[in-house]
Amino acid sequence: MVKDTNQRTRWKITLIFTMCLLQAVSALKGPRLVSGEAGREITIRCHYAPLSINKHQRKYWCRLKPMTSVCHTIVSTNHYTDLHYHGRVTLVDFPQNGLFVVRLSQLSLDDVGHYRCGIGNQNNILFLNMNLTISTGMAVFQT
């Protein structure tokens with residue numbers, strides 16, 4: 001019985017260590033606050049560990065719906081672009097560098113909000129949250 005408990009404990013510790021290691025290796029890095037001017041464009045650089053598993057995963061940029069944790073995809077490497085953003089958003093992946101770049105042009109006050117850049121088939125597993133603020137002359141708008 002004691003031997004069985006020790007084996008379970010070692011197995012749990014190994015599992016937790018592996019999960020922490022995977023999170024650290026595949027963690028995303030990038031800006032937490034992005035600022036732009038109305039009518040201009042922003043460029044967001046999202047860095048990830050250039051591992052084989054990450055290189056071939058879907059990359060995305062999504063917008064969080066206010067008061068929820070639902071993040072609606074704006075653009076992804078699956079050749080998807082939300083209709084409201086056609087012609088003003090791009091996402092380019094540079095897998096050899098562990099980097100993808102999002103550009104959003106023709107900024108307006110409607111773009112102010114919370115966003116995520118992420119990796120994976122779902123928008124809620126591996127991501128980096130960011131806040132976009134827009135200025136118009138002297139005023140800065142944020143959420």
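The protein chain contains two helices and 10 strands, where helices (H or I, at least four residues) and strands (E, at least two) are DSSP runs numbered from the N terminus. Along the sequence, these elements follow the pattern α-β-β-α-β-β-β-β-β-β-β-β. This is a predicted model, in which local features need pLDDT of at least 70 and side-chain atom pairs count only at pLDDT 80 or more, while totals for chains, interfaces and linings use all residues. Residues are numbered from 1 along each chain as its sequence is written, and side-chain values use heavy atoms, with hydrogens and water left out.

**Chain totals**

- Of the 143 residues in the protein chain, 36% are buried; buried means under 20% relative accessible area, exposed over 50%, and partly exposed in between (1.4 Å probe, protein chains only).
- The protein chain has an accessible surface of about 9200 Å², and 59% of that surface belongs to carbon and sulfur atoms; the areas come from the Shrake-Rupley method with a 1.4 Å probe, and for residues only the protein chains shown count as cover.
- Among contacts (heavy atoms within 4.5 Å) between residues at least 6 apart in sequence, 56% join residues at least 24 apart.

- Three strands form an open sheet in the order 2-7-6, with antiparallel pairing; two strands pair if DSSP finds at least two bridges between them.
- Strand 2 and strand 6 (89–94) each have a single partner strand and stand at the edges, so one side of each is left without a neighbour in the sheet.
- On average, neighbouring strands of this sheet are turned by 15 degrees against each other, direction ignored; the axes are lines fitted to C-alpha atoms, for helices over the stretch in contact, and angles run from 0 to 180 degrees between N-to-C directions.
- Strand 6 and strand 7 run antiparallel and are joined by six bridges; Phe94 has Leu99 in strand 7 as its bridge partner.
- Gln96 lies in the loop between strand 6 and strand 7 and counts as exposed at 56% relative accessibility.
- Although Gln96 and Ser52 are 44 residues apart in sequence, they are 9.6 Å apart in space, C-alpha to C-alpha.

- Strand 3 and strand 4 (residues 71–76) pair in the antiparallel sense over five bridges.
- Strand 4 is mostly covered, with five of its six residues buried.
- The hairpin of strand 3 and strand 4 has six residues between the strands, and Met67 there takes a positive phi near 65 degrees.
- Strand 4 also pairs with strand 5 (residues 80–81), in the antiparallel sense and over two bridges; Ser76 has Tyr80 in strand 5 as its bridge partner.
- Three residues lie between the strands in the hairpin of strand 4 and strand 5.
- In the loop between strand 4 and strand 5 is His79, which has a positive phi of about 65 degrees although it is not a glycine.
- His79 is exposed, with a relative accessible area of 81%.

**Aromatic pairs and a charge over a ring**

- The whole structure holds two aromatic pairs; rings of Phe, Tyr and Trp (its six-membered ring) pair if their centres lie within 6.5 Å, and planes under 30 degrees apart count as stacked, over 60 as edge-to-face and the rest as tilted.
- The ring centres of Tyr48 and Phe100 are 6.3 Å apart and the planes stand at 40 degrees, so this pair is tilted.
- Tyr48 lies in the loop between strand 2 (42–47) and helix 2 (52–55), and Phe100 in strand 7 (residues 99–104), so the pair ties together parts that are 52 residues apart in sequence.
- Both Tyr48 and Phe100 are buried.
- The rings of Trp61 and Tyr115 have centres 4.5 Å apart and planes at 5 degrees, so this pair is stacked.
- Trp61 lies in strand 3 (residues 59–64) and Tyr115 in strand 8 (residues 113–119), so the pair ties together parts that are 54 residues apart in sequence.
- Trp61 counts as buried at 0% relative accessibility, and Tyr115 counts as buried at 1%.
- Trp61 also stands opposite Val75 in strand 4.
- Arg116 lies over the face of Phe127, at 3.7 Å from the ring centre; a charge sits over a ring if NZ of Lys or CZ of Arg is within 6 Å of the ring centre and within 35 degrees of the ring normal.

**The loop between strand 7 and strand 8**

- Gln106 is found in the loop between strand 7 and strand 8, and its phi is near 55 degrees, a positive value in a residue other than glycine.
- Gln106 is exposed, with a relative accessible area of 51%.
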